[in-house]
Amino acid sequence: MKKRSGPALKQEKRPLKPCPICHGGGFVKPMFHQMPCDRCEASGVVCKETGDSLAMADLIIQLRIRLTERNQELVEVRRQMAAMRAESNGRGYGAGGSRYHGD
Ligand SMILES: [Zn+2]
């Protein structure tokens with residue numbers, strides 16, 4: 001095995017929580033202008049256990065994992081909606097007897 005120079009970045013999902021400073025928004029508004037929250041690196045999330053911000057490389061992995069999950073959820077929800085639509089319009093007619101012309 002080759003030795004690696006730095007610690008291996010964990011690819012597992014780690015528990016996060018909304019940032020207590022910006023309440024998950026990623027931005028703060030100390031005066032009149034919005035500024036990126038420096039507590040959470042403008043990500044809106046911090047480590048659930050320590051309450052600290054994640055290292056940038058770690059943060060990208062954690063957000064990417066969540067993004068992939070959301071995308072998969074979206075695909076699944078769309079599939080279910082399409083299935084429900086096909087079911088309720090099985091004869092080509094929607095509620096009220098009008099033909100459904102949605103996508
Ligand atoms: Zn924050």
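**Notebook: zinc site and fold of a predicted chain**

I began with burial: buried residues account for 21% of the 103 residues in the protein chain. I take buried as under 20% relative accessible area, exposed as over 50% and partly exposed as in between, with a 1.4 Å probe and protein chains only.

I note that this is a predicted model, in which local features need pLDDT of at least 70, side-chain atom pairs count only at pLDDT 80 or more, and totals for chains, interfaces and linings use all residues. Residues are numbered from 1 along each chain as its sequence is written, and side-chain values use heavy atoms, with hydrogens and water left out.

**Fold**

I counted 1 helix and 4 strands in the protein chain, and along the sequence I read the pattern β-β-β-β-α. Helices (H or I, at least four residues) and strands (E, at least two) are DSSP runs, numbered from the N terminus. I then looked up contacts, meaning heavy atoms within 4.5 Å. Among those between residues at least 6 apart in sequence, 43% join residues at least 24 apart.

**Surface**

**Zinc site**

I found the zinc ion coordinated by Cys19 (SG), Cys22 (SG), Cys37 (SG) and Cys40 (SG), at 2.3 Å. Donors here are N, O and S atoms within 2.8 Å of the metal (3.2 Å for Na, K and Ca); water is not among the atoms, so sites may look incomplete. The angles among the 4 donor atoms run from 105 to 115°, and the site is tetrahedral; four donors count as such if all angles lie between 85 and 135 degrees. The donor residues are spaced C-x2-C-x14-C-x2-C in sequence. The pair of cysteine 22, in the loop between β1 (16-18) and β2 (27-28), and cysteine 40, in the loop between β3 (35-36) and β4 (45-47), links distant parts of the chain, 18 residues apart.

I checked burial at the site: cysteine 22 is buried at 8% relative accessible area, and cysteine 37 is buried at 2%. Cysteine 40 is buried as well.

I searched for disulfides (a pair of cysteine sulfur atoms within 2.5 Å) and found 0 in the structure.

**Aspartate 58**

I located aspartate 58 in helix α1 (residues 56-88). Aspartate 58 counts as buried, at 12% relative accessibility. Its side chain makes a polar contact with the side chain of arginine 14 (2.9 Å). A polar contact is a pair of N or O atoms within 3.5 Å; within protein, one must be able to donate a hydrogen and the other to accept it, and residues adjacent in sequence count only if both atoms are side-chain atoms.

Note on methods: Four donors count as tetrahedral if all angles lie between 85 and 135 degrees; four count as square planar and six as octahedral if opposite donors are over 155 degrees apart and all others between 65 and 115; anything else is irregular.
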